Amino acid sequence: MRTHAVAIVGSGPSGFYAAGALLDSEDPPVRVDMYDRLATPWGLVRAGVAPDHPKIKSVSNQYEKIAARPGFRFFGHVHIGEDVTVDELLDRYDAVIYAVGSQTERRLGIEGEDRPGSLASVDFVGWYNGHPDYVDLDPDLSADRAVVIGAGNVALDVARMLLLGEADLRATDTADHAIEGFVGSAVREVVVCGRRGPVEAAFTTTELRELDDIEGLTTVVDPAQIPSADGDAELAKGTRRNVEILRGWAERGPDPDAARRMEFRFLRSPLRLLGDGEDGPVTGVELAVNRLETSDDGRVRPVDTGERETVECGLVFRAVGYKGMALPGVPFDEGSGTIPHTEGRIEGREREYVVGWIKRGPTGIIGTNRKDANETVRGLLADLATGARDGASVASAEEVEEWLSGRCSDLVDLDGWEAIDAHERAAGEPGGRPRVKVVDRAAFMDLVRPT
Ligand code: NAP
C-alpha cells in the first residue's frame, strides 16, 4: 500500500502525540511532516511549562524519540497562513492536522486592563521562557507587590517565578534576559486572587504543595476563607487535598521572617485596575468581594456582595485562561476560540483534522493530549483506509523540501533543530543548567547554517 503523507501544523505535545500515533500505523503506512512557525519544536513544553519544573519539561524525551523515527520530518520557521497557505498544504498532503494550541489570552474586560504594569500571563510566561515573540517585553519589576488574577496553574507558575530565590532561578533554563530581570526585581509579595473559593480553585495539588519547598517563601491564607474540615469527606480527592494544604497554611500562619510572601485571596473579582489618569501605570486593583451561589445546573457561581476592597500594587498579571486564534482559511468558532469538529474531523472539511487545545480548549495537563490526539488519528486513519479522501496530487518528500526551500529563506529542518538543541545543552553544562536558550532568529540561523 502507498505511504500516505500527513502534515501537522504545530509541534507541541498534541502535534507530537498525533505524529507518534500516525507513525505507528502500518496499514496504511504514513509519513509525517511537522511544521512550526518557530525554529524550535515542543510548543508549550519549551515555551509554557515553568522553567523550575524540569521534570514536566522532560516529557520532551518522548518527542525526541518520535522525531527520530523513520518517516518523520520537522520544518521550522514556516508560518502557515503567512509563508504558506493551508490550501497549498492540502495540495501536497493526503491530510492536514492543526495542532496550533491556544496562542492568546482571555481578556478580563475591565477598566484599566491595559495600563502599564498590567501584563497578560501569556506574554510574561513567553518572556521568561525565551519565546522569540516576547523577548522584548522587558517588564518593569520595580514594584514590591504584584497581584495575580486567576486561581489556576498558570497563576501559580507566574506567582512562583516572581518569588523564586536567585539560586533556584539560576539552576533553570529560564531565558538569560529574564534571569537578569528577576534578579533585579523588587517584588517580594504576590497576592493570588480567585473569584470563587478554595474548593473551586483550578490549582493541582502538586503545584500547591511544592510551594512549601521554596527557600525563603511563606504562604499566607486567611483562616476565615477556608471551609471547615467537616465537609472534606464530600470533596473530590484532588480538591480535598488542595483544601487541606490551604487549611494547613491558614492554621500555621505566615512566617514573619520570610523574605517573600505569596498570599491567596479567594472570593475576589477584579473590578478595575487603578492608576493616574487614563493610562498611568497600575497603582492598585479594586476587587469585588463575592459570595457563592449554586445555579440550577449545579455550577457554583461568584456573586458580588457589593463590598469593595483595594489592593495596592505596581504589577497585575492576568492569568484567567488562554484562547485560540483563527488560522487563515480554517473554520473557527470565536466564542470558544476553537476549531469546530466532530471527534477531530473539522466540520465541513474533507481532509482536515484538529488536535489539542485548538480542538478542545485550553484545559488539561500535557498527558491529556495523548488521548485527544489518538481520537483524531483513529478517525483520520479510518478515512485514509477508505481511499475516498486521498489527496489528488500528493507531493513526494523531495518535492515538498524543494518547494519549502524556495519559499522560506530561514527553513530549519530536524538536523537544524538538533544543532540548536546541542548548542543550548552544551551552553548550559558549565552552570549546571538544562540549557541556555537561544532566543533570536539570526542566532538560530547561525547555528543551523554555520559559516
Ligand atoms: P485554568 O486552569 O482554566 O484557570 C483559570 C482561572 O482563571 C480559574 O481560576 C478561573 O476561575 C479564573 N478566571 C477565569 N475568568 C476569570 C475572570 N473573568 N475573573 C477572574 N478569574 C477568572 O487556566 P490556566 O491556569 O490558564 O491553565 C490552563 C491549563 O493548563 C489548565 O488545564 C492547567 O492545569 C494547565 N497547566 C498545568 C500546569 C502544571 O501541570 N504544572 C501548569 C500550567 C498550566 P473560575 O474557575 O471561576 O472560572
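1. In this predicted model, His177 is partly exposed, with a relative accessible area of 26%. The residue is found in helix H9. Its side chain reaches the backbone oxygen of Trp127 at 2.9 Å. Beyond residues up to four places away in sequence, His177 touches Trp127, Gly130, Val135 and Val439. The C-alpha atoms of His177 and Tyr128 are separated by 7.8 Å, although these residues stand 49 residues apart along the chain.

2. Asp173 is placed in the loop between helix H8 (166-170) and helix H9 (176-183). What is the nearest side chain of opposite charge to Asp173, and how far away is it? It is Lys437, at 4.3 Å. Because a salt bridge requires a nitrogen-to-oxygen separation within 4 Å, this pair is not counted as one, and Asp173 is buried yet has no salt bridge. Leaving aside neighbours within four places in sequence, the contacts of Asp173 are Pro51, Lys57, Arg433, Pro434, Arg435 and Lys437.

3. Helix H15 comprises 15 residues (residues 414-428), which at 1.5 Å a residue should span 21 Å; the end C-alpha atoms are 21 Å apart, in agreement with that value. Within H15, the buried residues are Leu414, Gly416, Trp417, Ile420, Asp421, Glu424 and Gly428. They cover an arc of only 160° around the axis, which puts them on the same side of H15.

4. Against which elements do the buried residues of H15 pack? The partners are helix H2 (44-47), helix H4 (60-67), strand E3 (72-75) and helix H16 (441-448). At the start of H15, a side-chain oxygen of Asp413 comes to within 3.2 Å of the backbone nitrogen of Asp415.

5. The whole structure holds 42 salt bridges. One of the pairs is Asp383 with Arg345, whose closest N and O atoms are 2.9 Å apart. This pair links distant parts of the chain: Asp383 lies in helix H13 (residues 368-386) and Arg345 in strand E17 (residues 345-346), 38 residues apart. Asp383 is buried, with a relative accessible area of 8%, whereas Arg345 is partly exposed at 27%.

6. Arg301 and Glu293 meet through their side chains in a salt bridge of 2.8 Å, N to O. Arg301 counts as partly exposed at 37% relative accessibility, and Glu293 counts as partly exposed at 30%.

7. Which residues are linked in a network of salt bridges? The network consists of Arg145, Glu189, Arg261, Glu263, Arg265, Arg268 and Glu309. Asp173, by contrast, is buried and has no salt bridge.

Notes. Residues are numbered from 1 along each chain as its sequence is written. This is a predicted model: local features need pLDDT of at least 70, side-chain atom pairs count only at pLDDT 80 or more; totals for chains, interfaces and linings use all residues. Side-chain values use heavy atoms; hydrogens and water are left out. Helices (H or I, at least four residues) and strands (E, at least two) are DSSP runs, numbered from the N terminus. The expected span of a helix is 1.5 Å times one less than its number of residues. Buried means under 20% relative accessible area, exposed over 50%, partly exposed in between (1.4 Å probe, protein chains only). The arc is that of the directions from the helix axis to the C-beta atoms. Contact means heavy atoms within 4.5 Å. A polar contact is a pair of N or O atoms within 3.5 Å; within protein, one must be able to donate a hydrogen and the other to accept it, and residues adjacent in sequence count only if both atoms are side-chain atoms. Lys and Arg count as positive and Asp and Glu as negative; His and the chain ends are not counted.
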